[in-house]
Amino acid sequence: MTTHTAPPPMRESLLDVRGKKIFVAETGDGPPVLLLHGGGPGASGVSNYARNIAELAKDHRVVVPDLPGYGRSTKGVDRADPFGHLADAIRGLLDVLRLDRAHLVGNSYGGACALRLALDTPDRVDRMVLMGPGGIGTTRALPTPGLNSLLTYYSGDGPSRLKLERFIRDHLVFNAADVPDAVIDARYEASIDPEVIAAPPLRRPSGPNALRTLWKMDFTRDPRLARLPVPTLVLWGAADRVNRPSGGRMLADRMPNCDLYEVANTGHWVQFERAELFNRVCADFLAGRR
C-alpha cells in the first residue's frame, strides 16, 4: 500500500492583495514555488497538494494560496476574463510577498492561471509546471462530460454530496478507490459555503460577450504562446476525462520550451493520483535537472 507524507506545519496568512483577501499557507526555504490548485467544487490549495507539499518543501519555499473564489480567499471571479482575474491576483500576491520571480505549479484552473500570468508577465516566472491545464483547445471541441459535470455543479437542483462524489469518482480520477471519503466530505462542506453558492468561481461563460470570453479563455488562440520563453513541463493524465490529453500535444507543438509527459493510468489529478512520480519529476524540473 502506498503511503503519503502529510503536509508539514505551515505558516498561515490572510493577505490584502489589491483590496481582496488571499489566504496563503507557506513552508520550507529556498527558491519560491507557488502551487495553484484546480477549480473543482470545494477545492483549496493545501487540500489539492496534500501529497506534494512536504517533498517540494525539502528544497523550496512552498507558497500555497487559495485562489480567488475558493477556500478562505475573497469570493467572486470576473466572469468576463476569469483567467486574467486569477493571474492578476497571483501577480499581486507575488508583489505583497516581495517576490520578483517564482516557479509556478498549476493544476487545471490553477494551470490556466499560471499560463496566463506567464503570458502577460513572463519576467515574473522562473519555471512552470502545468497539470492538465484549463483553456487548451476549448474552442476547438465540445466540452468533455467531466467538464460539463464540473460546470453544472451549482445549477439545476444545486450542489449535493452525491453530485460531487460522482464528479470526483467518475470524472476526476482514474481509480475511484484512491479518493478517501474524507476528501469528498471536506470538499462538499467547502462547496456549500453560502458565499460560494452566491458566486460560483467556475461557470460557463454567458451573456452577450460569451463568445469573446470563450475565445480569450483558449490559449491556443493566443499568438504569444509561440514566443513564451518560460521553461515549461506539462504533465497530463492519459485518462483525463475533464481536459482532453490532446491538449498536451497542442502546448508542446506551440511552446518553444515545453516538455510533455503523458502519465499512463491517470486522470485529471496527476499530483494526487501519481504523487511519487509527480514529486520526483517536478523537483527535478524545478531544479533544472531535466
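Which helix holds both arginine 161 and glutamate 165, and how many residues apart are they? Select the two and follow along.

This is a predicted model, in which local features need pLDDT of at least 70 and side-chain atom pairs count only at pLDDT 80 or more, while totals for chains, interfaces and linings use all residues. Residues are numbered from 1 along each chain as its sequence is written, and side-chain values use heavy atoms, with hydrogens and water left out.

**Stop one: helix 6.** Arginine 161 and glutamate 165 both sit in helix 6 (residues 161–172), four residues apart, which is about one turn of the helix. Helices (H or I, at least four residues) and strands (E, at least two) are DSSP runs, numbered from the N terminus. The pair forms a salt bridge, with the closest N and O atoms 3.0 Å apart. That term means a side-chain nitrogen of Lys or Arg within 4 Å of a carboxyl oxygen of Asp or Glu.

Arginine 169 is buried, at 17% relative accessible area, whereas arginine 161 is partly exposed at 26%. Buried means under 20%, exposed over 50%, and partly exposed in between (1.4 Å probe, protein chains only).

Select arginine 61 and glutamate 26, whose salt bridge has its closest N and O atoms 2.7 Å apart. This pair links distant parts of the chain, 35 residues apart: arginine 61 is in strand 4 (residues 61–65) and glutamate 26 in strand 2 (residues 20–27). Glutamate 26 is buried, at 10%.

**Last look.** The count comes to 22 salt bridges.
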